[in-house]
Amino acid sequence: MFGLQNKSSIKIYFDVNKYEIDEITGLNQSEVSIEISDTKVFSMPSHLLIDGEPLFPTKYEILNSGKVIYSSSKVPAFNISITDDNFLNFRSKEKRYTIKPTDLKLLCNSKRKRKPSQKKIMGQSASKHALNFIENGLLKIETTDKIDWHWCHLIAFSLIPTSSAQRKNNLVCGTSACNGHMMNIETAIKKFIMAYDRPLGLEVRAQYYKESHLATRIRYRNFLMKKPQKCPIVNILML
């Protein structure tokens, strides 16, 4: 690629549904080698290799269908920040729960209803919550990409009873990409519990800005419950 530039005229359209390259502009496909990365981020390849040079999408999102455009020489970043860097103005929420294999089988039920809804619990949508702070200048967005905001569960709805999941102390405001990373971690937790058939203690702590629910950091800690066989311990730090 002889030095890819960010915001290049080169665009490669990747169809997530078919998991294949759909269209290419700015390149003669017969003159270059294009490889799809084996590493996935959510539902899409982390990058494409063009004659050995990586090309990234502008952002990573969870997509069930649609196309992703790979056109950047840089790894995606949302470039979102809180303008106030005074550490005294940050607070934390913490949630702990011991997840048992028998409970997990009952909780992983697609028919479970999220009642009350996150919007009702928090008093507004996550998008409206974030917009309030964008408009007053506290939340700085340095990207033209559309950002979707979600109410994110510290401990997933699929891991704990509804009465514990649908509470204000278990919800923070974050991007859809943040929610996607959390889903990846939660999937790994479920697989561990089911594979070893043993309970797992989980502690999730979110740092957020005062008088808001905007999360800036989420930390996961796992605790193995006592049992004869030995299993690996996984500690996950999420920025």
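Predicted model: local features only at pLDDT ≥ 70, side-chain atom pairs only at ≥ 80, totals over all residues.
Residues are numbered from 1 along each chain as its sequence is written, and side-chain values use heavy atoms, with hydrogens and water left out.

**Exercise 1. Confidence**

Find the elements with the lowest and the highest mean pLDDT.

*Solution.* Start with the scale: pLDDT is the predictor's confidence in each residue, from 0 to 100. The chain averages 86, and 90% of the residues score at least 70. Next, compare the elements, which are DSSP runs: helices (H or I, at least four residues) and strands (E, at least two), numbered from the N terminus.

**Exercise 2. One side of a helix**

Work out which residues of helix H3 (residues 126-135) are buried, and what covers them.

*Solution.* Buried means under 20% relative accessible area, exposed over 50%, and partly exposed in between (1.4 Å probe, protein chains only). In H3, Ala 126, His 129, Ala 130 and Phe 133 are buried. These residues lie on the same side of H3 because they cover an arc of only 90 degrees around the axis, taken from the directions from the helix axis to the C-beta atoms. Their cover includes strands S11 (139-141), S12 (149-153) and S13 (171-175).

**Exercise 3. The largest core**

*Solution.* A nonpolar core is a set of buried Ala, Val, Leu, Ile, Met, Phe, Trp, Tyr and Cys residues joined through side-chain atoms within 4.5 Å. The largest one has 23 residues, and Leu 202 and Ile 189 are among those with the most contacts inside it. Helix H5 (176-196), strand S14 (200-209) and strand S15 (215-224) each give two or more residues.

**Exercise 4. A ring pair**

Classify the aromatic pair of Phe 192 and Tyr 196.

*Solution.* Rings of Phe, Tyr and Trp (its six-membered ring) pair if their centres lie within 6.5 Å; planes under 30 degrees apart count as stacked, over 60 as edge-to-face and the rest as tilted. Here the centres are 4.8 Å apart and the planes at 40 degrees, so the pair is tilted. Both residues lie in H5, four residues apart, about one turn of the helix. Phe 192 counts as buried at 12% relative accessibility, while Tyr 196 is partly exposed at 32%.

Technical notes:
Contact = heavy atoms within 4.5 Å.
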